[in-house]
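Here are my notes on the model you sent over. Have a look at the structure first, then read on.

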2 protein chains.
Amino acid sequence: MNGAFEDIEIGLSRETPSRTVTEDEMLAFSREFDPQVFHLDPEAAKESVFGGLCASGWHTASLMMRLQMDSWKSAYSMGSPGFDDLKWLKPLFPGDSIRVRSTCIDKTPSRSKADRGSAVWKTEVVNQKDEVVLSANLIGIYRKRDTG
Amino acid sequence: MNGAFEDIEIGLSRETPSRTVTEDEMLAFSREFDPQVFHLDPEAAKESVFGGLCASGWHTASLMMRLQMDSWKSAYSMGSPGFDDLKWLKPLFPGDSIRVRSTCIDKTPSRSKADRGSAVWKTEVVNQKDEVVLSANLIGIYRKRDTG
């Protein structure tokens, strides 16, 4: 089920199908995790720097994960130690359609564990205007196929 | 309602109350955003590197946001441009209790906008064994009080 380290190549680039995100989904996430006024109240959000209700950045990040899961075997890894340099570049508004594009920019066999290696993916969430909403360099740990 | 730039001091350090995270919460989040086997299937997760079912790292990050919202006025900002160096250091298991501790490590008035400034918070999610589960340097933009 998981992606294998051998199948990942530096330069490998791909894009998911797009998905429309509704206001209801945004409100549900914000109520649970990020109850700031510009994520919860469409009227008051007009006065915010975003100019209107928008998704929690953590919601956008979580949707980025799900979009990848739905499209790519190599989104399934052994886990991730973390990542660098997440940028929320544009607000995600209700009704926007987002997709994820991702390019492998590094790949390193583990020095301590012979059965695995890591890959770094320059990952972007892009909206229907081709604006980058979120970018991050995500890291996954992958098992080598020939070591089980 | 929001925190003001003037009230934030470098070195300011604080900790939220703790909150127990249930397996049901973890499963609900994972089904929606991160359907990897070690986040969904308690039996199969025993074979993973985590040794058992654990929360999606995006769930842990989202809970970090909510814990701060529940405790600190300055968790409410004008928004965030992103952050650096998120590390998932330990798995978050069902029944674990987590709290957030946070220290302001930098504070900078905006060069282009006189009414605001940014602050960087070294932020850690800590479990009931005092292990750091997640760490990140979060950034918030704050309005200056005297400019409205």
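The points below go from the single chain to the way the two copies meet.

1. First, a caveat: this is a predicted model. Everything below should be read as computed from it.

2. The fold of chain A. There are 4 helices and 6 strands in chain A, and along the sequence they come in the order β-β-α-α-α-α-β-β-β-β. The C-alpha atoms of chain A fill a box of roughly 55 × 25 × 25 Å along the principal axes.

3. Packing and contacts. Chain A has 148 residues, of which 36% count as buried. Looking at contacts in chain A with a separation of 6 or more, 69% are between residues 24 or more positions apart.

4. Symmetry. Chain B superposes on chain A by a rotation of 180° with 0.0 Å of shift along the axis, at an RMSD of 0.0 Å. The two copies are thus related as by a two-fold rotation axis. Which residue of chain B comes closest to that axis? It's B:D84, with its C-alpha at 2.7 Å.

5. The interface. On each side, 27 residues are in contact with the other chain. In chain B, α4 (57–71) and β3 (82–88) each supply at least two residues of the side that touches chain A. That side of chain B divides into 16 nonpolar, 6 polar and 5 charged residues. Since 100% of the interface residues of chain B are also interface residues in chain A, the copies meet through the same surface.

6. Strand β3 of chain A (residues 82–88) runs antiparallel to β3(B), and 4 bridges join them.

Technical notes. Residues are numbered from 1 along each chain as its sequence is written. Chains are lettered from A and ligands numbered from 1 in the order in which they are written. This is a predicted model: local features need pLDDT of at least 70, side-chain atom pairs count only at pLDDT 80 or more; totals for chains, interfaces and linings use all residues. A residue is buried if 20 or more other C-beta atoms lie within 10 Å of its own, exposed if 12 or fewer, and partly exposed in between; C-beta atoms are placed from the backbone. Two residues are in contact if their C-beta atoms, placed from the backbone, lie within 7 Å. Copies are superposed by least squares on the C-alpha atoms of residues with pLDDT of at least 70 in both. Ala, Val, Leu, Ile, Met, Phe, Trp, Tyr, Cys and Pro count as nonpolar, Asp, Glu, Lys and Arg as charged, and the others, Gly among them, as polar. Two strands pair if DSSP finds at least two bridges between them.
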